[in-house]
Amino acid sequence: MLCIKGGIVIYRRIMMIVLCLLFLTGCSHKKTEDYQNVLKGIYEDHGLTGDIEIENIKNVGHLYTTVQTQVDFYYLEKIGKREIKVWDSALFEKNTTKIETDPEELKQSDLMEIGVFSGVVQSFEQQIEFLKLKERVEKQLTTNVLSSKIKLHGIKPYLATFEKVYPEDSPVEFSQSFANYQAEVKKNQKNNAAFKGYFDIDIQENMKSGLISVQIGLDHVTKELSSGDDQITTNQIFSSLLKMDTSKFYDGYYEVSYDNRTKDGSVGGGGKTIHFWVENGEMGKPEIESI
């Protein structure tokens, strides 16, 4: 009997040691500076000489298996007196500084083809021009749409990089619109513009063509995620949008969607997406997507 008890005690101790070793192994990240240097080198290889600021390092995986180390970071550049920083994320082999991005992908000259530069490509959203539009849109939403049950989650520009996500009723064909955008970026690059030329694009012109749309995200505060009233909520938002004064909006494509969200923070899918065009400051009739 004593042998059995002793065996159990020894087994438990061994398991505790194994678990501790696994825990320490899972947490033994490289130093922040190591990841910072790798990312800075990749950015400098593509002509981006600003600073890299590490936000977070964590191991990620599926179920109980940690397979990669995720590094969230900011890339910073100064434009005049403004310090602009864009967020991005990179995956490394677990607890190493070997980035998971394919070496051939990193050799691409077009930053749109490389995942770790998505923040740079999207940097135009921090132009003063877009921030002004964002303020105008938020003001109209606050006056006409938002309520105790409908909250604003965010307003962001979306750059359509392939035809499938390009508005079907755009006034310009996707191929032409995208070619114009690429030519603009190359021109900016020749002038050594900020963020490798992706910051200083003409937002209004790219909105008119439909290449850049404005994505408006809302939260529907509800007691239950599956309350069954999504159609009612969608119709209410639709009616409220019609009251907005869009005379100071830029011409272009706007898309409104919402998620159901409970007070404890649980999130579930919402109703259908609503989209509309603004032309010469006037809103066209909003349409509810068909499923």
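The model is predicted, so local features need pLDDT of at least 70 and side-chain atom pairs count only at pLDDT 80 or more, while totals for chains, interfaces and linings use all residues. Residues are numbered from 1 along each chain as its sequence is written, and side-chain values use heavy atoms, with hydrogens and water left out.

**View 1. Lining of the second largest pocket.** A pocket is an open set of points on a 1 Å grid over the protein atoms alone, where a 1.4 Å probe fits, with protein on both sides within 12 Å along at least five of seven lines; lining residues have an atom within 4 Å of a point. This one holds about 300 Å³. Its lining has 16 residues, with Lys149, Ile150, His220, Val221 and Thr222 closest to the centre.

**View 2. The largest pocket.** Here the volume is about 350 Å³. Of its 20 lining residues, Phe117, Ser118, Gly119, Val121 and Gln122 sit nearest the centre.

**View 3. Leu133 in the largest nonpolar core.** This core counts 62 residues, and Leu133 is among those with the most contacts inside it, as are Phe117 and Tyr254. Setting aside neighbours within four places in sequence, Leu133 is in contact (heavy atoms within 4.5 Å) with Met207, Val214, Phe249, Tyr250 and Tyr254. A nonpolar core is a set of buried (under 20% relative accessible area, 1.4 Å probe, protein chains only) Ala, Val, Leu, Ile, Met, Phe, Trp, Tyr and Cys residues joined through side-chain atoms within 4.5 Å.

Technical notes: Buried means under 20% relative accessible area, exposed over 50%, partly exposed in between (1.4 Å probe, protein chains only). Grid points are joined across faces, edges and corners, and a volume is the space filled by probe spheres set on the points.
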